[in-house]
Amino acid sequence: MKQFDVLIIGAGAVGNAIAREISKKNTVTVGVLEKEPDTAFGISGRNSGVLHAGFNNKPGSLMAKLCAQGSEGFEKEAAELELPFKKTGKLITARFEEDLERLQKLKEQGEANGVKELRIIGREELEKLAGYDAGVGALWSGMTGIFDPFQYTIALAEAAAVQGTEYRFGRQVVEIQTAVSTALHKKVVAPCRGCSQRNRETYYRLYAKHTKTAVSRRTPTARECGFLVTAQNLSTGEREQYHAEILINSAGLFADEICRMVGINDYKIHPCRGEYHILSKMKRQLEKKEPWLLGLPIYPIPNEKDGGLGVHLTPAIHGNILIGPSAEYLAEEQEREEYSTTRDVMDRLNEEGVDLFPELNIRDCIHSFSGIRPKLASEAEGGYADFVIEESKQVPGFIQLVGIESPGMTASIPIARMVSRMAEEIRVRNKDGEDKGKEVRKRSGYEGRKQAGLLQAAYGEPGDEKMLCRCEGITEKAVLEAYDRILQIGAIPTVKGLKNRTRVTMGNCQGSFCTINIIELLQKKRNVDPLTLLWNGFGSEMFEGRVKE
């Protein structure tokens with residue numbers, strides 16, 4: 001059984017940011033459990049990649065406060081993580097005169113949230129910024145930007161790993177026990193001071209089961225009490241147990257299920273799917289023009305009752321254009337991770353995208369995908385519920401993050417700082433926060449990851465500059481480095497993991513040219529058996545067998 005001071009469930013952007021922040025303290029051991037083979041496989045890798053300014057959120061809410069903080073500090077964090085980032089600004093357009101009043105309300109709301117660089121612009125300036133006649137006016141947001149959500153989430157994980165965080169990928173949490181000290185330490189014979197009455201009752205039940213002896217009165221430490229987490233290893237099928245003093249629920253779409261495992265039934269996630277088109281950047285490159293005339297995100301005025309901000313246009317950091325997302329709540333009987341795209345919504349995206357930007361040619365679409373928002377507001381309620389970020393009053397030591405939908409990625413680092421302070425307060429309160437263990441040398445950013453071996457080929461020869469992916473210009477060397485980096489954070493290699501780190505299979509051919517090259521390269525230079533290589537998640541093996549031996 002592996003023991004940690006702090007155990008985090010979920011390796012998305014928020015979970016990784018929390019791991020990075022807490023592991024800055026050399027004396028705290030941090031572990032992360034993630035059910036997917038790699039980081040950025042869930043909702044953190046299925047969004048627009050927009051840094052939000054914070055004017056869409058209700059004043060006084062955690063959502064508004066943390067989004068504004070994240071937006072203001074993001075450029076510095078991106079530089080430390082060596083993350084490509086462009087501060088583009090954003091336009092929220094008014095098509096008709098009667099819409100201008102709603103723009104003014106958005107501006108006032110943003111100013112109440114402390115958002116900088118907001119102003120209303122007229123038709124002439126709007127046309128100059130957008131490059132076409134986009135409406136009668138717009139709200140200009142100068143704090144908005146674009147970045148790569150895959151690289152951001154991965155960089156946070158690598159930075160946390162450098163500081164000593166241990167990742168366990170392919171581990172799906174199936175059970176959580178609280179106040180489990182008797183099952184772990186038979187010398188411990190009373191609940192700790194931090195335990196709730198419920199935990200005390202659980203303690204005595206477990207004590208009777210495991211020791212069959214009378215209870216003395218020694219008070220154990222919080223570390224001895226804590227949480228016993230059982231996870232299914234999806235690679236081997238075996239069950240594993242982890243013990244932690246502090247348990248942090250950053251499980252995204254499944255945060256309410258994790259809450260129920262510790263007896264908290266206060267929350268219900270309402271999955272809300274958003275579908276996207278991705279347009280090719282190739283045509284403009286061949287014409288030796290900018291990837292697109294569209295140089296900044298363009299949004300409609302949001303409908304307050306919708307589950308999102310409306311179908312919008314976003315120039316991706318690598319040159320494509322995204323159209324979307326839509327907002328459709330999934331039915332109760334549907335799987336939460338139902339990432340299918342639908343014909344009706346795809347057609348609607350086409351229409352609404354062209355309405356926003358008439359120069360779009362939908363025939364340039366090379367891929368469609370979807371993401372899912374973990375909303376606390378139901379379809380009937382509409383709009384947004386605030387983030388839940390707190391230590392549970394029912395279960396001391398359990399920090400819950402529920403309903404972390406957009407702008408959760410923008411707010412991820414301020415969220416991490418908030419959670420880190422909570423964790424420190426718990427350790428101090430439990431009188432068990434003394435320094436212990438081996439000191440971990442602190443490194444961060446690109447140089448830190450390089451020094452720690454997270455950017456070096458460590459599992460075989462480094463490869464050469466031979467072009468592997470023509471659409472995106474990716475070499476053998478880049479793919480092998482990405483493969484090694486996957487292993488070095490404890491993740492399970494997949495084609496999707498390579499794609500998220502290098503952009504192979506993301507071009508016009510969508511992998512029809514480079515996939516076989518990737519397989520042959522990994523087989524030759526990393527001794528990978530093609531029969532075991534996954535495309536994305538578990539069960540996505542690419543081959544059923546060999547034609548001949």
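Predicted model: local features only at pLDDT ≥ 70, side-chain atom pairs only at ≥ 80, totals over all residues.
Me: Which residues lie nearest the centre of the second largest pocket?
Reply: The lining of this pocket is made up of 29 residues, and by class these are 12 nonpolar, 12 polar and 5 charged residues. Those that lie nearest the centre are F150, I278, H367, K499 and M506.

Me: Which element gives the largest share of the lining of the second largest pocket?
Reply: The elements that give two or more residues to this lining are α5 (149-162), β18 (365-375) and α15 (495-502). The largest share, which is 4 residues, comes from β18.

Me: Which residues touch the most other members of the largest nonpolar core, and which element gives the most to this core?
Reply: The largest nonpolar core holds 66 residues, and the members that touch the most others are Y152, I248, I389, L401 and I415. With 8 residues, the element that gives the most to this core is α12.

Me: Which residues is I389 in contact with, leaving aside its neighbours within four places in sequence?
Reply: I389 is one of the residues that touch the most other members of the largest nonpolar core, and L401 and I415 are also among them. Once the neighbours within four places in sequence are set aside, the contacts of I389 are L62, L66, Q400, L401, I404, I415, M418, V419 and M422.

Me: Which residue of β8 stands opposite L51?
Reply: β3 and β8 (residues 145-147) run antiparallel and are joined by 2 bridges. Within β8, the residue that stands opposite L51 is G145.

Me: Is A40 buried or exposed?
Reply: A40 lies in the loop between β2 (30-34) and β3 (50-51), and its phi is positive, at about 70°, although it is not a glycine. Its relative accessible area is 2%, and since the cut-off for buried is under 20%, A40 is buried.

Me: What is the omega of the cis peptide bond that joins S406 and P407?
Reply: A cis peptide bond also joins G324 and P325, with an omega of about 0°, and P325 is placed in the loop between β16 (321-324) and β17 (328-329). P407, for its part, is in the loop between β20 (398-402) and α12 (412-429). For the cis bond between S406 and P407, omega is about 15°.

Me: What is the distance in space between C509 and I366, C-alpha to C-alpha?
Reply: C509 is found in the loop between α15 and α16 (514-525), where it is partly exposed, with a relative accessible area of 23%. In sequence C509 and I366 are 143 residues apart, whereas in space, C-alpha to C-alpha, their separation is 8.0 Å.

Methods: Residues numbered from 1 in each chain as written. Heavy atoms only, no water. Buried < 20%, exposed > 50% of the residue type's maximum accessible area, 1.4 Å probe, protein only. Core = buried A, V, L, I, M, F, W, Y, C linked by side-chain atoms within 4.5 Å. Contact = heavy atoms within 4.5 Å. 1 Å grid on protein atoms, 1.4 Å probe; cavity = no way out; pocket = protein on both sides within 12 Å on 5 of 7 lines; lining within 4 Å. Nonpolar A, V, L, I, M, F, W, Y, C, P; charged D, E, K, R; others polar. Pairing = 2+ DSSP bridges.
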